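Work through these exercises with the structure open. Try each task before reading its solution.

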Amino acid sequence: MAVDEKKLEEFVGKVLADMGAAAIAPLNVIGDQLGLYKTLAGSEGLTSEELAAASGTFERYVREWAYAQTAAGYISYDSDTKKFSMSPEQALVFADENSPYYLNGGFFGVSACHIDHHLVREAFKSGEGVPWGSHDDCLFCGTAKFFKPGYLTNLTTSWIPSLEGVAEKLQAGAKVADVGCGHGLSTVIMAKEFPNSTFIGYDFHEESVEAARKEASDAGVENTHFEIADAKIFPGNDYDLVACFDCLHDMGDPVGVSKHIHQSLKPDGTWMLVEPLAGDKPEDNFHLLGQMLYSFSTMVCTPASLSQEVGLGLGAQAGEARLREVTGEGGFTRFRRTAETATNMVLEVRP
Ligand SMILES: C[S@@+](CC[C@H](N)C(=O)[O-])C[C@H]1O[C@@H](n2cnc3c(N)ncnc32)[C@H](O)[C@@H]1O
């Protein structure tokens, strides 16, 4: 077949853009960790010497970093003054973790995938899993950073109010489990909003539970605590609400977890299941979000699931129909999508 030169050119352009994005990921992690974005965003514009001095780093490295960041359009450069700066839009995306547009957490996750690719490559050959906890630290703080803007923006203002009767119960005083809570940002956000309720965060990853405890103590939140527990055995059978944020698909036995959550709820309780947005068929997900989420799923979520008992390997793009089946096998009879964002869907699952 003849090669279509225009199609080829477009395709090469797309692949080069992907490569540029992959190449810049570690620079974004460094810029975040060394405070380069925050320093720039808080200034009127800085030369590389000034940025290095203000951030306690070496100028030659900072200059090269800043050229790469300018080439990407992530920061700006004035060729007359030789100063780098950030527009308000660039600052919202890279310098302010509490902005709804902050995206730098994703680059931490991407970097962890690059660092750990050898673990996953070997798992492709052995068929074994890669436990969540064997990844580089970048994954754990990256996950928390990546999800934080979505939780800050939606959790108490849209997701909880979308569930029948739940906001009222939480206002009056309810018992809540946040299962697979990671660094506990979701737990703390809910605990702050609903001071009459008690929130218990469970995760089987010790480092994450420690980070969650610190998050709560830094936030001065007292109606929450965190325990190390597998999602299939966490204690209690009187929860008004159990929440799982972006974690059911990482678990080895989502059906077993569903059964356990079913018995942990009061008869009129609710399971708020938040999972990545996905269509039911693979071909529904062959777009930019699917490229990103299937990639994370290949490198992190599926290997994490395969490393655990049962090893179902649900995948991050399971879709609503498959999730309905899984929760149904766990004994739940009611299931409806109550909200969604550009990246997540919120499912109300009830006994
Ligand atoms: C993608 S992270 C999401 C963390 C957190 N919910 C958030 O939104 O930031 C998945 C979490 O599930 C936890 N996890 C995976 N399998 C688990 C299991 N079987 N029991 C408890 N936690 C589990 C991991 O330790 C990890 O913290």
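**Exercise 1.** At what angle do helix α3 (residues 48-55) and α4 pack, and how far apart are their axes?

*Solution.* This is a predicted model. Start with the geometry: α3 and α4 pack at an angle of about 120 degrees. Their axes are 8 Å apart. Next, take the hand: the crossing of α3 and α4 is right-handed. Then find the residues. From α3 come Ser48, Glu49, Leu51 and Ala52. From α4 come Glu59, Val62, Arg63 and Ala66. Finally, sort the contact of α3 with α4 by class: 4 nonpolar, 1 polar and 3 charged residues.

**Exercise 2.** Describe how helix α1 (residues 5-33) meets helix α4 (residues 59-72).

*Solution.* First, the axes of α1 and α4 come within 10 Å. They cross at roughly 130 degrees. Angles over 145 degrees count as roughly antiparallel, and 65 to 115 as roughly perpendicular. The α1–α4 angle therefore makes α1 oblique to α4. Second, α1 passes α4 in a left-handed crossing. Third, list the contact. On α1 it is made by Gly20, Ile24, Leu27, Ile30 and Gly31. On α4 it is made by Trp65, Ala68, Gln69 and Ala72. By class, the contact of α1 with α4 has 6 nonpolar and 3 polar residues, with no charged ones.

**Exercise 3.** Is helix α6 (residues 104-115) roughly parallel or roughly antiparallel to α8?

*Solution.* Read the angle: α6 and α8 pack at about 155 degrees, with axes 7 Å apart. The cut-off for roughly antiparallel is over 145 degrees. So α6 is roughly antiparallel to α8. Their crossing is left-handed. Now the residues. In α6 they are Asn104, Gly105, Gly106, Phe108, Gly109, Ser111, Ala112 and Ile115. In α8 they are Cys138, Leu139, Cys141, Gly142, Thr143, Lys145, Phe146 and Lys148. The class count for the contact of α6 with α8 is 7 nonpolar, 7 polar and 2 charged residues.

**Exercise 4.** How many residues surround the ligand, and which are the closest?

*Solution.* Count the shell: 23 residues surround the ligand. The closest are Gly180, Gly182, His205, Ala231 and Cys247. Then assign elements. Those giving two or more residues to the shell are α8 (137-159) and α10 (185-193). The largest share, 3 residues, comes from α8. Last, classify the shell around the ligand: 11 nonpolar, 8 polar and 4 charged residues.

**Exercise 5.** Which domains does the assignment give, and what separates their centres?

*Solution.* Begin with the bounds. Domain 1 spans 5-92. Domain 2 is assigned as 152-280 + 301-350. Then take the distance: over C-alpha atoms, 36 Å separate the centres of domain 1 and domain 2.

Definitions and conventions: Residues are numbered from 1 along each chain as its sequence is written. This is a predicted model: local features need pLDDT of at least 70, side-chain atom pairs count only at pLDDT 80 or more; totals for chains, interfaces and linings use all residues. Domain bounds come from an automatic or database domain assignment. Axes are lines fitted to C-alpha atoms, for helices over the stretch in contact, and angles run from 0 to 180 degrees between N-to-C directions. Helices (H or I, at least four residues) and strands (E, at least two) are DSSP runs, numbered from the N terminus. Angles under 35 degrees count as roughly parallel, over 145 as roughly antiparallel, 65 to 115 as roughly perpendicular and the rest as oblique. A crossing is left-handed if the near helix is turned anticlockwise from the far one by less than a right angle, and right-handed if clockwise. Two residues are in contact if their C-beta atoms, placed from the backbone, lie within 7 Å. Ala, Val, Leu, Ile, Met, Phe, Trp, Tyr, Cys and Pro count as nonpolar, Asp, Glu, Lys and Arg as charged, and the others, Gly among them, as polar. A residue is near a molecule or strand if its C-beta atom, placed from the backbone, lies within 6 Å of it.
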